[in-house]
Amino acid sequence: MSKRVYISADYSIDSGDRNVVNLLNQWGMDKCHKTDFVDMAKVVSGSVSNNPDCRPCDLKREFNQQINASSAVIFVVGDKTALRTAGSRCLRNSNARSDCFCTPYKQNTYGVKICKVDETVPVGKHDDVGNINSFSYLRHEFEQAKKREKNIIVIYNSLRKESSWLPSYMKEYETKAMPFWTKNNYGEKIGNYSYIKKVLGYV
């Protein structure tokens, strides 16, 4: 049986949590418990971001679609997660289009452009989280997973529970969040594969 699992994490090169994501993707090749992990890095390197005018709202719409297609969402929390604000500068919900500017994804060297969204509409109770918002990418993913009642798994990039690392919007998961790393019988740091299999329903 194969499962599709979305991974949300901080992908900063120097201080992010790519080490956890890389190991999860390796585990996804397990022959007995095949899991199709879809992480944010794959989404933003895909077709939507190849559009030269791809904006933060386009990425958020794509995140919604990928989360909707997943049975579970893993949120990797590191020591910098709560500080990340990428994707949070959109003001279109409360301002006229002519007063809003943003930088197309991967086009930072060309500066900002005027917002391309002509009209905004209220989000309905049963709709996805609106892609026109001032959430960071990480919070947007979390809110979408919550709204769609996905199996949410929160793990710390640590050997211990690090409650102080949790962003405020994840505080309700403080008792459920668990460290990703553990130590084997030789004292070596390893990923807790048994825990991940359990919360994904493989054991």
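**Salt bridges and a nonpolar patch**

Arg61 and Asp58 share helix α4 (residues 56-68), where they sit 3 residues apart, about one turn of the helix. Helices here are DSSP runs of H or I with at least four residues, strands are runs of E with at least two, and both are numbered from the N terminus. This is a predicted model, in which local features need pLDDT of at least 70, side-chain atom pairs count only at pLDDT 80 or more, and totals for chains, interfaces and linings use all residues. Residues are numbered from 1 along each chain as its sequence is written, and side-chain values use heavy atoms, with hydrogens and water left out.

Arg61 meets Asp58 in a salt bridge, at 3.2 Å from N to O. The term requires a side-chain nitrogen of Lys or Arg within 4 Å of a carboxyl oxygen of Asp or Glu. Arg61 is partly exposed, at 38% relative accessible area. Asp58 counts as buried, at 10%. Buried means under 20% relative accessible area, exposed means over 50%, and partly exposed lies in between (1.4 Å probe, protein chains only).

Asp58 has another partner. Its salt bridge with Lys116 brings the closest N and O atoms to 2.7 Å. Asp58 belongs to helix α4 and Lys116 to the loop between β5 and α5 (137-147), so this pair ties together parts that are 58 residues apart in sequence. Lys116 is partly exposed, with a relative accessible area of 30%.

Next comes helix α5. A salt bridge links the side chains of Glu172 and Lys146 (3.1 Å, N to O). Lys146 lies in helix α5 and Glu172 in the loop between β6 (151-156) and β7 (178-179), so the contact ties together parts 26 residues apart in sequence. Lys146 is partly exposed, at 30% relative accessibility. Asp53, Arg55 and Lys113 form one network, joined by salt bridges that share partners. Across the whole structure, a search finds 12 salt bridges.

The surface also carries a nonpolar patch. Phe101, Val112 and Ile114 make it up, with about 280 Å² of accessible area together. Areas come from the Shrake-Rupley method with a 1.4 Å probe; for residues, only the protein chains shown count as cover. Patch residues have over 30% relative accessible area and no salt bridge; like charges are joined within 9 Å, and nonpolar side chains (Val, Leu, Ile, Met, Phe, Trp, Tyr) within 5 Å. Val112 sits in the loop between β4 (101-102) and β5 (113-114). Val112 is exposed, at 53% relative accessible area.
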